There are 2 protein chains.
Amino acid sequence: MKILHTTPAADGFFMPAEFEEHDGCFMIWPERADSWQYGGIAAKKAFAKVAMAIAKSEEVTMLASAAEYDTARRMLPEYIRVVEMSTDDAWARDCAPTFVKNKEGEVRGIDWYFNAWGGLVDGLYFPWDKDNKVARKVCDLERLDCYDARDFVLEGGSIHSDGEGTVMVTEACLLSKGRNPDMTKDEIEEKLKQYLGAKKVIWLERGIYNDETNEHVDNICAFVKPGEVVLAWTDDEEDPQYELSKSCYDILSQETDACGRKIVIHKLPLPKPICMQKEECEGLAWMEDEPTRTDGERLAASYVNFYISNGAIVMPSFGDPADHAAAEILGELFPEREIIPISARDILIGGGNIHCITQQLPKAVR
Amino acid sequence: MKILHTTPAADGFFMPAEFEEHDGCFMIWPERADSWQYGGIAAKKAFAKVAMAIAKSEEVTMLASAAEYDTARRMLPEYIRVVEMSTDDAWARDCAPTFVKNKEGEVRGIDWYFNAWGGLVDGLYFPWDKDNKVARKVCDLERLDCYDARDFVLEGGSIHSDGEGTVMVTEACLLSKGRNPDMTKDEIEEKLKQYLGAKKVIWLERGIYNDETNEHVDNICAFVKPGEVVLAWTDDEEDPQYELSKSCYDILSQETDACGRKIVIHKLPLPKPICMQKEECEGLAWMEDEPTRTDGERLAASYVNFYISNGAIVMPSFGDPADHAAAEILGELFPEREIIPISARDILIGGGNIHCITQQLPKAVR
């Protein structure tokens, strides 16, 4: 693995869209006792279901710690590749590499600095040294060269690319005090353009209410094709989420993408508020100086947090009446893909959802 | 990775010779404090030199623990692939998979049971659970199917194959009480034939004097081509090694291989006895219930413990007058390969040498 000190844009590389073809997907096996209740058994089962759904159409590599290797290997079918790797938690979207490719189909990784969503300001755990090595380790594993972007704090969940020069982010996250407080918005935008090969950055203001990632874009809005997005939506003006989704809608309605297209917005309904229960809170270990879930706390549930595999939309379901409507909308938007809903409460409790626990490897020409 | 419960021979697979073409080589980064003196710094440097010598002509993957990842990555050049893996020590030959292939060029691994060279009878450390998972983990890493041979204790260093149906072992090792005490010699031979696709097993009696692996064959005798071996040799009849080498010579002189060829024996001189020094012993951590090096203890030094890479013979040197003669002999036997001697005392102290710390991956047709 070569560590590259140039930038992807300068080398002709850009971030493809998730709906383009993949060579595979990385996930991380959950075990952190203060993230996953009751020994993470229910979370492990949910992760395994996600892995199996994705593996129907692309290779899945599950990264598992030495301590959890036997359990992961036993709970996953043989066709899931299990590779040992130590991590601090299980969010492959945020600590695995963001992959870029060039027109010849060469793929490389980007190693952003990962600081657990806010470092010592408002990060969610400490330390984060193991997570912060995942990107380099995955690149070495896959024999891919890796861009050194360790002077810039970013997570994969905070960016979406349409693969044609447009990147979408939220201000709440990218301008947060715990990430790159010494950079201006313009400097951050320039960094995104250099590393993602983008021509235009669409800045939404906010994400999903109470999303502890400082409101990652991947929980509220996602490209379904160039020029078209799904947006998490509620019609309930009393819901604190209403203003947040409305703000995104207003911005997107005014925006054009890098190719000059107006953005087509598909509203994806939100489930009714989903909250932590006392028994779930009691199943979590306690870590000093860390935020801890409390009984009744509203979780950042959203159907937008789906994963686009080569053959499917692997989407969260919540046992909510909106499950069906969301699946129908996604089915219409992705007519050539199977819609696979996975009951996701046990992932959501950890603080994210299916998109957060996956990272796609774009198809390379070798 | 599929775990296969058939046998390689039944599936048309066999163990190719080391001198056939490789796709790469696996090594394990040394860190065990009771094996590698003074924090293993000198050993790490020697391992890095071996890796670099091999990487001149084939890919090297260095397996390193999470704790040592940064150090390994810093001490190794970028062209060495570093992959996280937990192990109990650094002997890739013995705990990484033995690879077999078929005539179509498909490669698979074998997962023998590894018990640290003798388990609770005369094994060299306890526990050995991490080492015992390396074979499966490497197969999963490389997307290779893996034969389950976990009902049989074997290390890669205790077998040599000529790739044409002949396998060479020592009785001292394979019939030792700490490995498969409930199997007869015939049963063990049958197992070797089934798993290595061999037609004939040549049983040497003994290996190198004081070799704590119970005298692995790879320290005393190696195929240089079908029908030809190098044999570690001393002319000093007072040396306890003399009888051991003489026994091998006599057996090999009488033997034919699976193809009916008489064996051509090339004597490779041994260095003068190499012994532990007090200061080296003091640099080792102490582990309860384990054999520990003592001042003046003779080490199992042998030039036969070389690695055959695609382009080189990476061989140990000891600062002994025989270094030159051994290199010359190997140069004549491998005229198309570069001879690369590496000063190996810092590896030898750990209990083995260059062949012991490497495991070749045969070239696959994909």
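Select the interface residues of chain B, then those of chain A: 100% of the chain B set are also interface residues in chain A, so the copies meet through the same surface. This is a predicted model. The contact takes 23 residues from each side, that is, 23 from chain B and 23 from chain A.

**The area between the chains**

Show the surface of both chains. Together, chain B and chain A bury about 2100 Å², and 37% of that area lies on carbon and sulfur atoms. Now pick B:E78, B:E84 and B:R143. These three residues supply 28% of the area that chain B buries against chain A, more than any other three residues.

**The axis**

**Charged and polar pairs across the interface**

Switch to side chains. Side chains of opposite charge can pair when their charged atoms come close. Between chain B and chain A the count is 10 salt bridges. For one example, select B:E142 and A:R143, whose side chains meet in a salt bridge at 3.2 Å, N to O. Polar contacts across the interface of chain B and chain A come to 22 residue pairs, with both residues at pLDDT 80 or more.

Which elements of chain B give two or more residues to the side that touches chain A? They are α2 (69-75), β4 (81-84) and α5 (131-141).

Return to B:R143, which sits in the loop between α5 and β7 (146-153) of chain B. Check its backbone: phi of B:R143 is near 60 degrees, a positive value in a residue other than glycine.

In chain A, select A:F126 and A:P127, which are joined by a cis peptide bond with omega about -5 degrees. A:P127 is found in the loop between α4 (119-122) and α5 (131-141) of chain A. Then select B:F126 and B:P127 in chain B, where a cis peptide bond has omega about 0 degrees. B:P127 lies in the loop between α4 (119-122) and α5 of chain B.

**A pair within one helix**

Over all chains, the whole structure holds 60 salt bridges. For one of them, select A:K278 and A:E282, whose side chains meet at 3.0 Å, N to O. Both residues lie in helix α9 (residues 278-282) of chain A, 4 residues apart, about one turn of the helix.

**Confidence**

Finish by colouring chain A by pLDDT. The mean for chain A is 97, and 100% of its residues reach 70 or more. Where pLDDT is low, the predicted coordinates should not be read in detail. For the complex, the predictor gives an ipTM of 0.94 and a pTM of 0.96.

Note on methods. Residues are numbered from 1 along each chain as its sequence is written. Chains are lettered from A and ligands numbered from 1 in the order in which they are written. Side-chain values use heavy atoms; hydrogens and water are left out. Contact means heavy atoms within 4.5 Å. Buried area is the accessible area (1.4 Å probe) that two parts lose on being put together, summed over both. A salt bridge is a side-chain nitrogen of Lys or Arg within 4 Å of a carboxyl oxygen of Asp or Glu. A polar contact is a pair of N or O atoms within 3.5 Å; within protein, one must be able to donate a hydrogen and the other to accept it, and residues adjacent in sequence count only if both atoms are side-chain atoms. pLDDT is the predictor's confidence in each residue, from 0 to 100.
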